[in-house]
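Visitor: I would like to learn how to read a protein model step by step. Could you walk me through one?

Guide: Gladly; let's look at it together.

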Amino acid sequence: MTLQWTVVAFFLYAEIGLNLILCIPFISAKRWRLVFNWRIWKLLSPYWNKCFFTMILVLIVLLLDAVREVDKYSRPEPLQDAKANPSVYDHVHMKLFRAQRNLYISGFSLFLWLIMRRIFSLLNQIAVTLEDNTSLQTQMDSAVRAAQKFQEDNQLLERALLDEEKAMTISNQQLKTEVEKLKKQVKAADEAVRKSNAEVEAMKKQAKGLAQEYDRLLTEHHQLQLQKGRFALSHVIVGLLQFHPAGSKMADSQFIHGGIKPR
């Protein structure tokens, strides 16, 4: 085996070992992410893509060379020459075996190189996803706790509102009862006012009647007083005339014209 194919074979063995290590189940993606975040990988990260594509080109060139060698020793011309000479026949088959071996080595190296790159990216994505899930889980837990707290606050507010509604209902009932009582009292007061107004009107009418009766009686009393004075005066004049007979006729005429009759 030449030097280049020896290097490719060791590279294939290294790829197989590294892929097996990456597929170990008890090493989590978070730990691989910690390994990928080492400082040395950050220093090599600017050259990683160049190295990756360069290695792909090298492996593709080796694969094409191996394909060419396989095609070369698989043609019928070398086999016809080998039939004439048995030693050449063994040499041709040995060359064909080496070409096929190199083809498998380069092909699997290229395949595992692509697979290893994909495994690295998947492990990194899984670690990022796990971190995001952890942060999302933390946020979800905090949101659930906040929702529970809000729910408890809402329940407390609902209870407070129910208590306030009950208190308002009781106070409204009390106010309605007081309003009914006040209405009854106002109605009774109105009836009392109407009764008092009626009594006042009756008393006014009675007072007016009494005043009229008083005026009538006062007038009659005055007339009676006048009549009494006239009678007294007539008695005095009659007594005087008894002592003066000459004036009796004059007195009688005065009594008659004055509306007073002599005894």
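This is a predicted model: local features need pLDDT of at least 70, side-chain atom pairs count only at pLDDT 80 or more; totals for chains, interfaces and linings use all residues.

Visitor: How many contacts beyond four places in sequence does the model have for residues 246-251?

Guide: Four, and pLDDT stays under 50 over that stretch. Residues 254-263 also have pLDDT below 50, and there the model has 11 contacts beyond near neighbours in sequence.

Visitor: Let's turn to a single residue. Does serine 109 count as buried or exposed?

Guide: The idea is to ask how much of a residue's surface is accessible, with under 20% counting as buried. Serine 109 is buried because its relative accessibility is 0%. Serine 109 sits in helix H5, which spans residues 86-243. Leaving out residues up to four places away in sequence, serine 109 touches Val8, Phe11, Leu12, Glu15 and Leu59.

Visitor: Which residues touch the most other members of the largest nonpolar core?

Guide: That core has 20 residues, and the ones touching the most other members are Val8, Leu22, Leu59 and Trp113. Two or more residues each come from helix H1 (3-22), helix H3 (39-74) and H5. H5 contributes the most, with eight residues. A second, separate core has five residues, including Val70, Tyr73, Leu96 and Ala99.

Visitor: What is tryptophan 113 in contact with, leaving aside its neighbours within four places in sequence?

Guide: Its partners are Phe11, Glu15, Trp48, Cys51, Phe52, Met55, Ile56 and Leu59.

Visitor: Now for open space. How much of it lies in the second largest pocket?

Guide: Rolling a probe the size of a water molecule over the atoms shows where empty space is left. Here, the second largest pocket holds about 230 Å³. Its lining has 13 residues, of which Thr2, Trp5, Lys95, Arg98 and Asn102 are the closest to the centre. H1, H3 and H5 each give two or more residues to that lining, and H5 gives the most, with five.

Visitor: What classes of residue make up the lining of the second largest pocket?

Guide: The lining has five nonpolar, three polar and five charged residues.

Note on methods. Residues are numbered from 1 along each chain as its sequence is written. Side-chain values use heavy atoms; hydrogens and water are left out. Helices (H or I, at least four residues) and strands (E, at least two) are DSSP runs, numbered from the N terminus. Buried means under 20% relative accessible area, exposed over 50%, partly exposed in between (1.4 Å probe, protein chains only). Contact means heavy atoms within 4.5 Å. A nonpolar core is a set of buried Ala, Val, Leu, Ile, Met, Phe, Trp, Tyr and Cys residues joined through side-chain atoms within 4.5 Å. On a 1 Å grid over the protein atoms alone, a cavity is a set of points where a 1.4 Å probe fits but cannot get out, and a pocket is an open set with protein on both sides within 12 Å along at least five of seven lines; lining residues have an atom within 4 Å of a point. Grid points are joined across faces, edges and corners, and a volume is the space filled by probe spheres set on the points. Ala, Val, Leu, Ile, Met, Phe, Trp, Tyr, Cys and Pro count as nonpolar, Asp, Glu, Lys and Arg as charged, and the others, Gly among them, as polar. pLDDT is the predictor's confidence in each residue, from 0 to 100.
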